Amino acid sequence: MVSSESRAPRPRLGPDGKPATTSKSPLRIALIRLRQDKVAMVCLAIFIVYILIAILAPLLAKLEGQDPYTNHFELTDRYGYPIDGPNSEHWFGVEPRLGRDLFARWVYGARPSLMVAGLVTVITTIVGVVVGLISGFFGGWIDRVFGWVIDFVLSLPYLIFAIAMPAVIISVIYGAVENTDPDQVGQVRIFSLIAVLSFFGWASLARLIRGQVLSLREREFIAAARVLGVRSRAILFKELLPNLVAPIVVSMSLALPSYIVAEAGLTFLGVGLTEPTPSWGVTIAAAQTYYRAVPLYLWLPVLGITILVLVLSLLGDAVRDAFDPKTRR
């Protein structure tokens, strides 16, 4: 009869007869540390739930039997206040004045926040990484030109551009605001918001990547690649870029919540998304007058943004700690 000890897998031995050790890349070590962080895993699960809510918003609204655009004037009194609270037909109640369903508006409101923040994060990361790589690696007049452009972009007031951009785009495409309908204005607002945030968001990452490249380009493996005649493009994207994964991932994880706040804040100020687009920022701006009579009207989008930003901020801190070799948790 074979004993349990003989059935147990034996450790793989090295040439010296000792158990062999498997080498792990810094990325794999960081992912292992991140998986061991319970707070990070909880935050990641909540973030995935938000993504599913945004993707499945039509299905969730259909499950309730409502949509975010239909007006229910019969559910409001002559002063515009809802005559009833949350019920089986309207799970979160209805909004004042127009009587639109608050649950449908809430689930659909997650879409523009995540879409704008996600697209801006991807665009700024790609542009910032490419500019930082080229500027730091080649140096000379290329570095001076890119450095001047980065300083110029960082010195501009993005709020003024965010206010002016929609009007400029509408005047160029449609000629005048009177010639546009609300749907066209909403599309222009989303495009201008993404364009403005992307234009002003890449510069800080480019400066960070440039500093990292200036340090890495003096290392031995870069000198060896140059001696062997490796092309500059291969050095940039096969030698330098893999060593920049940690700052890039950390930057993306911290940039995403900041862009969510920026989208909601600009919308609240009236320079972001507008009606009839379902948006948390639009709802917060409209709920200021009714927050005492209908608390859910204000607190639903506020809690949605607060929880999402808090979760992403904690996840970003966990990612930064996981990729930092000096951190011991």
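How many of the residues lining the second largest pocket are nonpolar, polar and charged? I counted Ala, Val, Leu, Ile, Met, Phe, Trp, Tyr, Cys and Pro as nonpolar, Asp, Glu, Lys and Arg as charged, and the others, Gly among them, as polar, and on that basis I found 8 nonpolar, 3 polar and 2 charged residues in this lining.

I note that this is a predicted model, in which local features need pLDDT of at least 70 and side-chain atom pairs count only at pLDDT 80 or more, while totals for chains, interfaces and linings use all residues. Residues are numbered from 1 along each chain as its sequence is written, and side-chain values use heavy atoms, with hydrogens and water left out.

**Entry: the second largest pocket.** I looked for pockets on a 1 Å grid over the protein atoms alone, a pocket being an open set of points with protein on both sides within 12 Å along at least five of seven lines, whereas a cavity is a set of points where a 1.4 Å probe fits but cannot get out; lining residues have an atom within 4 Å of a point. The second largest pocket holds about 280 Å³ of space, a volume being the space filled by probe spheres set on the points, which are joined across faces, edges and corners. Its lining has 13 residues, and Y69, P112, I190, T277 and P278 are the ones nearest the centre. Helices here are DSSP runs (H or I, at least four residues) numbered from the N terminus, and I saw that α5 (102-138) and α8 (182-216) each supply at least two lining residues, with α8 giving the largest share, 5 residues.

**Entry: the cavity.** I found 1 cavity of 30 Å³ or more in the structure, and the largest cavity has a volume of about 50 Å³. Its lining consists of L102, R105, W106, W280, T283, L296, Y297, L300 and P301, which divide into 7 nonpolar, 1 polar and 1 charged.

**Entry: helix α11.** After α11 comes G270, whose phi is positive, near 90°.
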